[in-house]
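Reader: I have a model open on my screen. Can you show me how to read its features, one at a time?
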Amino acid sequence: MAISAPPVVGQAGNYEIHRCYDRTPFVTRALDVLWTMLIPAIESASYGTGNAAFNAFFKSGSETVVRTILNDVKEGTPKQTLWSGKNRKDTPVFFCVREPGKLIFQGVDIYQRCLRGAQGSAPPAIYALGSNFIFICPTHWQMPLDPTYICPTVVNNLFSGYQLGLLNSMPLNLLHELVHFYVDSMASIQQLEVLDWNSAVLQLNAIDSAKNAFSYVYYVASVRAQCKAFPDPKSSTGRRLLAADVSISDVIDAGGGDLIVDGKPFDPATG
């Protein structure tokens, strides 16, 4: 009996998964884990700053935007994008980047961009601004499938501990890119990328926190891990942001033009 090849297109909820082949189940599993993480995070967000994690990472005034984005991630809500135009709404589509020359967007070989991002490092995933395309890079597969949930301690009103303990997992990597998409779909909000967790708490106001994809990742992971200790955002230390904190390294500007998949323009209607 012949063994059939893995499908080119997979599905997880409303999300399509393209060109992942034998790794499609890992993407599906990562999204399943993410959905279980989002349930308590959305519930906790309903308390606003009455929840310690929400108070730290988002502050008062961002409740509606944060709940909307987290719900959209969970449901895979279709949104209008610059790439789709005014007459269509799209849900994020995942593409696994496995080899050079197979995924070309705006003349850029995504594989090469995965090897060296805007900041010179190899990003685990890339979101194309203005589109619904999320590219899963080779370094994504070096992450654990299940988050470790290592809570930090707080010393002198600063987080102390291993920052990647709340970041380094496949589900949270996908969350980070999905937040980029849903923030991008809100015309009144511009992307912000602040990785440092102390800067995210102490330097970002409510509006900027809602723009920052890493704030959502820290918040969701903190709720899931049941972390208790957070810096007080009202007690500023005067700590300055590093230049690298605000550079978006895992997005590319979509503008206009085609996504070329295996030598052919990608058609969202047919996949």
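Author: Start with the aromatic rings. Rings of Phe, Tyr and Trp (its six-membered ring) pair if their centres lie within 6.5 Å; planes under 30 degrees apart count as stacked, over 60 as edge-to-face and the rest as tilted. By that rule there are 21 aromatic pairs. Two notes on the ground rules. This is a predicted model, where local features need pLDDT of at least 70 and side-chain atom pairs count only at pLDDT 80 or more, while totals for chains, interfaces and linings use all residues. Residues are numbered from 1 along each chain as its sequence is written, and side-chain values use heavy atoms, with hydrogens and water left out.

Reader: What kind of aromatic pair do Tyr 15 and Phe 94 form?

Author: Tyr 15 and Phe 94 are edge-to-face, with 5.8 Å centre to centre and 70 degrees between the planes. Tyr 15 sits in strand 2 (residues 15-18) and Phe 94 in strand 3, so the pair ties together parts 79 residues apart in sequence. Helices (H or I, at least four residues) and strands (E, at least two) are DSSP runs, numbered from the N terminus.

Reader: What about Phe 159 and Trp 197?

Author: Phe 159 and Trp 197 form a tilted pair, 4.8 Å centre to centre, with 35 degrees between the planes. Phe 159 is in strand 9 (residues 158-160) and Trp 197 in helix 6 (residues 197-202), so this pair ties together parts 38 residues apart in sequence. Phe 159 and Trp 197 are both buried. They also belong to a cluster: ring pairs link Phe 57, Phe 159, Trp 197, Phe 214, Tyr 218 and Phe 230.

Reader: Now the cysteines. How many disulfides are there?

Author: A disulfide is a covalent bond between the sulfur atoms of two cysteines. The test is a pair of cysteine sulfur atoms within 2.5 Å. The count is three. With bonded cysteines counted along the chain, the pattern is 1-2, 3-4, 5-6.

Reader: Where do Cys 20 and Cys 96 lie?

Author: Their sulfur atoms are 1.9 Å apart. Cys 20 is in the loop between strand 2 and helix 1 (24-45), and Cys 96 is in strand 3, 76 residues apart. The link of Cys 20 and Cys 96 is right-handed, with 90 degrees about the S-S bond. Cys 20 counts as buried because its relative accessibility is 0%. Cys 96 is buried too, at 1%.

Reader: Why is the disulfide of Cys 114 and Cys 137 left-handed?

Author: The torsion about its S-S bond is about -65 degrees, so the disulfide of Cys 114 and Cys 137 is left-handed. Cys 114 lies in helix 4 (residues 110-115), and Cys 137 in the loop between strand 7 and strand 8. Cys 114 and Cys 137 are buried.

Reader: And how is the link of Cys 151 and Cys 227 turned?

Author: Left-handed, with -90 degrees about the S-S bond. The sulfur atoms of Cys 151 and Cys 227 are 2.1 Å apart. Cys 151 is partly exposed, at 33% relative accessible area, whereas Cys 227 is buried, at 9%.

Reader: One last residue. What is Lys 102 in contact with?

Author: Contact means heavy atoms within 4.5 Å. Leaving aside neighbours within four places in sequence, Lys 102 touches Arg 19, Ile 260, Val 261 and Asp 262. The C-alpha atoms of Lys 102 and Ile 260 are separated by 7.5 Å, though these residues are 158 apart along the chain. Lys 102 sits in the loop between strand 3 (93-96) and strand 4 (103-105). Lys 102 is partly exposed, because its relative accessible area is 31%.

Conventions: Buried means under 20% relative accessible area, exposed over 50%, partly exposed in between (1.4 Å probe, protein chains only).
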